[in-house]
Amino acid sequence: MAALQYFILVPLLSLLPCALWLWYFSSRTRYKRLSGHVLGMTFLFGALATIPALFLNLIGKQLLSNLFGDSPLSQFLLFVLVVGPVEEAMKLLAVYFYAYRRPEFDEPLDGVIYSATAALGFAAIENVVYLAQNDPMLVLLRGPLSNPGHALFSALWGMSLSQAKTKPNLFRKRFPIILQGWLYATLLHSLFDVLLMAAARLGILVFVLLVFLMIGLFFWVRARIRFHSDTSPHREGTLVLPTRRYCQECGAKATAGMSCPRCGVFVPEPEELELCPICATPQRPGAKFCARCGANIKLPAKENLDTRPHFVTVSPDGDEHIAYILNETEILVGRTLNNEFVIEHPSVSKRHARIVAEASDYSIYDLGSSNGTFVNGKRIEATKLEDGCEIRFGRAHYIYRAKRTEAAE
């Protein structure tokens, strides 16, 4: 009977609540079909993350016991300095080195889904170990608290992984975002463990407080899930932005590519549509300064922000900021997170353009985008990039800065 409990009942009770919570999180996506293979492998890697976590937890426990003995202080420090940080780090690494690098990770909601998947894999193994050593009916406590707790804590760094993909591909830009998410998850994880320990010592009131905190966290994560679902790049197509111009026959305001509302004459697309990089006002061909805000449209570089080829954005006061470093031979540009250069703008298509290194230069190719790719105001299908040229993906503006040469220095 004991063998039956160990080999059948314990694994079944351990996996059942994790499977139910996994179904909940994975069913939150409404605009694409998740890959069962990627979910399964992420769950597996989350489960395997328990091995280094257990090893590091045992080392930390031994060190703290040597310093403070088997005391409440030692247990408190174990939860705050070892268990929380280590377990969240191992789960994060399981997602970062697998799901995060997969093309299926292509929208902000995926950060929540895959972090929860890895966390529930971790919780499943933790349940097996815990229930094998205790009464299996304790699953009634761990199922509603510990299992979703792992998933909800990890959702914090999961969302930070998604956010990091939208930032410039520089370590100093992305790492602090991921670190912040991990720190928040660690703090909540440690607080959960400390309150659970306090509930065992101080009574039911602390346990009730813990339950209310978990309910609050659940509703907060659910609100973020709804937000990311409602703003998913898969929800709707690209927002097509019409080009306004005057009819060449009657002078009435019209939309390029359509018939004039007054005289019915077809209004062609302009050969050039250069927009001010500061206020986005359309400019006349050949203009050097914006007719509306007076900004320098040609935007010579104030300084070299990086020695490698890169795109920059321009702030309203004219300062440049790196948007993306061209450090690969082929770079996909688009709105979904599985592009190398992610642009969160409704006028940008999911897969908008492709940038390819050719000899010592870069060329850009439009991928049939809805609002087009423009270089110096001209809509292009393919062209070579030159230093200082203005690039526009839909209505998202950038300036290209070529690699700095010795002569330029």
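Strand E5 (residues 310–314) and strand E6 are joined by five bridges and run antiparallel. Within that pairing, His 310 has Ile 325 of E6 as its bridge partner. Two strands count as paired if DSSP finds at least two bridges between them. Helices (H or I, at least four residues) and strands (E, at least two) are DSSP runs, numbered from the N terminus.

This is a predicted model, in which local features need pLDDT of at least 70 and side-chain atom pairs count only at pLDDT 80 or more, while totals for chains, interfaces and linings use all residues. Residues are numbered from 1 along each chain as its sequence is written, and side-chain values use heavy atoms, with hydrogens and water left out.

## The six-stranded sheet

E5 and E6 belong to an open sheet of six strands, in the order E6-E5-E15-E14-E11-E12, with antiparallel pairing. Which strands are at the edges? They are strand E6 (320–325) and strand E12 (378–380), and each pairs on one side only. On average, neighbouring strands here are turned by 35 degrees against each other, direction ignored. Such angles are taken between axes, which are lines fitted to C-alpha atoms (for helices over the stretch in contact), and run from 0 to 180 degrees between N-to-C directions.

Now look at strand E14 (residues 390–393). Strand E11 (residues 373–375) pairs with E14 in the antiparallel sense over three bridges. There, Phe 374 has Arg 392 of E14 as its bridge partner. E14 also pairs with strand E15 (residues 396–401), again antiparallel, over four bridges. Phe 393 stands opposite Ala 396 of E15. Two residues lie between the strands of this hairpin, and Gly 394 takes a positive phi near 65 degrees.

In a regular strand the side chains alternate between the two faces of the sheet. Are the faces of E14 covered or open? Both are covered: Glu 390 and Arg 392 on one side, and Ile 391 and Phe 393 on the other, are all buried. Buried means under 20% relative accessible area, exposed means over 50%, and partly exposed lies in between (1.4 Å probe, protein chains only).

## The five-stranded sheet

Another open sheet has five strands in the order E8-E7-E9-E10-E13, and its pairing is mixed. Strand E8 (341–342) and strand E13 (382–384) stand at the edges with a single partner strand each, so one side of each has no neighbour in the sheet. Strand E9 (residues 353–358) and strand E10 (residues 361–366) pair in the antiparallel sense over six bridges. In this pair, Val 356 stands opposite Ser 363 of E10.

## Helix H9

Helix H9 covers residues 204–230. Its expected span is 1.5 Å times one less than its number of residues. For the 27 residues of H9 that gives 39 Å, and the end C-alpha atoms are 39 Å apart, which agrees.

An α-helix has 3.6 residues a turn, so residues three or four places apart point the same way. The buried residues of H9 are Val 206, Leu 210, Met 214, Leu 217, Val 221, Ile 225, His 228 and Ser 229. Ile 204, Leu 205, Val 208, Phe 212, Ile 215 and Phe 219 form a nonpolar surface patch with about 630 Å² of accessible area together. Val 208 is partly exposed because its relative accessibility is 34%. Patches are made of residues with over 30% relative accessible area and no salt bridge; like charges are joined within 9 Å, nonpolar side chains (Val, Leu, Ile, Met, Phe, Trp, Tyr) within 5 Å. Accessible areas come from the Shrake-Rupley method with a 1.4 Å probe; for residues, only the protein chains shown count as cover.

## Salt bridges

A salt bridge is a side-chain nitrogen of Lys or Arg within 4 Å of a carboxyl oxygen of Asp or Glu. The whole structure has nine salt bridges. The table shows some of them.

| Pair | N to O distance |
|---|---|
| Arg 30 and Asp 230 | 2.9 Å |
| Lys 32 and Asp 106 | 2.5 Å |
| Asp 361 and Lys 384 | 3.7 Å |

Arg 30 forms a salt bridge with Asp 230. This pair links distant parts of the chain: Arg 30 is in the loop between helix H1 (2–26) and helix H2 (36–48), and Asp 230 is in helix H9, 200 residues apart. Arg 30 is exposed, at 54% relative accessible area. Asp 230 is partly exposed, at 38%.

The side chains of Lys 32 and Asp 106 also meet in a salt bridge. Lys 32 lies in the loop between H1 and H2, and Asp 106 in the loop between helix H4 (72–96) and helix H5 (109–133), so the pair ties together parts 74 residues apart in sequence. Asp 106 is buried, at 9% relative accessibility.

Salt bridges that share partners join Lys 32, Asp 106 and Asp 110 into one network.
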